[in-house]
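Q: Hey, could you walk me through this one? I'm new to it.

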Amino acid sequence: MVTSFLDWPVYGLGATDKRARLDSLLNSLTKHHRDHCEPYARILAARGYRVQTVAAAEDIPWLPVRLFKMYDLRSVTSNHIFKTLTSSGTTGQSPSRIALDKSTAANQTTALVRIMQEFLGKARLPMLIIDHPGVIKDRSSFSARGAGILGLANFGRGHVYALNDDMSLNINAVRNFCRQYSGTPKLVFGFTFMIWQYFLHELEMLGETLNLTDSTLFHSGGWKKLEAIAVDNQEFKRRLRAACGAIRIHNFYGMVEQVGSVFVECEQGHLHAPAFADVIVRDPITWQVMPAHKPGVIQVLSALPQSYPGHSLLTEDLGTLLGEDDCSCGRRGRYFHVHGRMPRAEIRGCSDTQTTPTRASK
């Protein structure tokens, strides 16, 4: 399969150039998965889709992301499966199971590196992970949380976990990390609700403030729980900076069904599509493509999935396309905002699925 797309400038392609390149790749992936995934071929046939037609991204058939919870959709034989990713399904929910071959796994890692280097540079930074180390114990089968941690860990060194296995705050480890790397750039990563509940809330309860100035914090997932307690993105950032200093904070949007194709929040608060992925917003009734500034259901496209038919997925999230190539941050490509989950969509975010643990006696 073609991998040269990983050399494209991540946020440097204009709309016309990007569409010509990405549409060609997405059409190739549709043909590839039609030929190697029988259930996908049946879905295309049922829709009357003619794969030989060269389609624009908006015309490439999409799969509801929920299908990966219901069916074993893959385009490789079992002996070529290198790793299986699972979403963080809670009790009563079926997790998505995503089969990766070595090529797709490698492409996911490279894509994530290319995106994050746009915000972090190429140097590996001291890294504080706001989670507990038990999440990544089984490396043959990762949850979305584990995959996210290991993916971001590639950008760090001297990794320190801020939480104990029972999700209590390891305040001594955090204090030592801040003291050891005071005055140097640092990387902090965690899932949104866990940062709020198990890190920030505990710091506030302790009356503790940290010096994490010169840090860049990336976080994702869990907004449903924060919205339920009336905490928005601005309040999240305000409280974190009050407790940790003037840190740079970037939310990002992504999912286990398209690991590597993450949409990172820029300095203007907009989520940006990288060169090898894109976003479309559709009317939830007619499924027609919505123009900018009109809310609808988010569809995500990615050139990465080669071992499973996940290159065009309809999510269960609502969002609005804000523009293309004209964000004041200077990055090209489409940028958008996510409003939250569709009504009656099941809870599936990494942070959403963390249950409150029973803590060991202190």
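This is a predicted model: local features need pLDDT of at least 70, side-chain atom pairs count only at pLDDT 80 or more; totals for chains, interfaces and linings use all residues.

Q: Which residues have the most contacts inside the largest nonpolar core?

A: Met-116, Phe-199, Leu-212, Phe-218, Cys-244, Phe-263 and Val-264, in a core of 104 residues. Helix α7, residues 192-206, gives the most to this core, with eight residues.

Q: And what is Leu-212 in contact with, leaving aside its neighbours within four places in sequence?

A: Its partners there are Leu-128, Phe-177, Cys-178, Lys-186, Phe-199, Cys-244 and Ile-247.

Q: OK, helix α4 next. How far apart are its end C-alpha atoms?

A: They're 26 Å apart. At 1.5 Å a residue, the 19 residues of α4 (102-120) should span 27 Å, so the two values agree.

Q: Which residues of α4 are buried?

A: There's a list, including Thr-104, Asn-107, Gln-108, Leu-112, Met-116 and Phe-119. Just after α4, Gly-121 takes a positive phi of about 80°.

Q: Switching to strands: which way do the residues of β2 point?

A: Lys-83 and Leu-85 point one way, Thr-84 and Thr-86 the other, and all are buried. Four bridges join β2 to β3 (residues 97-100), and the two strands run antiparallel. Thr-84 stands opposite Ala-99 in β3.

Q: Last one: is Asp-278 buried or exposed?

A: Buried: its relative accessible area is 6%, and the cut-off is under 20%. Asp-278 sits in strand β12, residues 277-282.

Q: What does Asp-278 touch, not counting residues up to four places away in sequence?

A: Among others, Lys-18, Phe-263, Gln-299 and Arg-334.

Technical notes:
Residues are numbered from 1 along each chain as its sequence is written. Side-chain values use heavy atoms; hydrogens and water are left out. Buried means under 20% relative accessible area, exposed over 50%, partly exposed in between (1.4 Å probe, protein chains only). Two strands pair if DSSP finds at least two bridges between them. A nonpolar core is a set of buried Ala, Val, Leu, Ile, Met, Phe, Trp, Tyr and Cys residues joined through side-chain atoms within 4.5 Å. Contact means heavy atoms within 4.5 Å. The expected span of a helix is 1.5 Å times one less than its number of residues.
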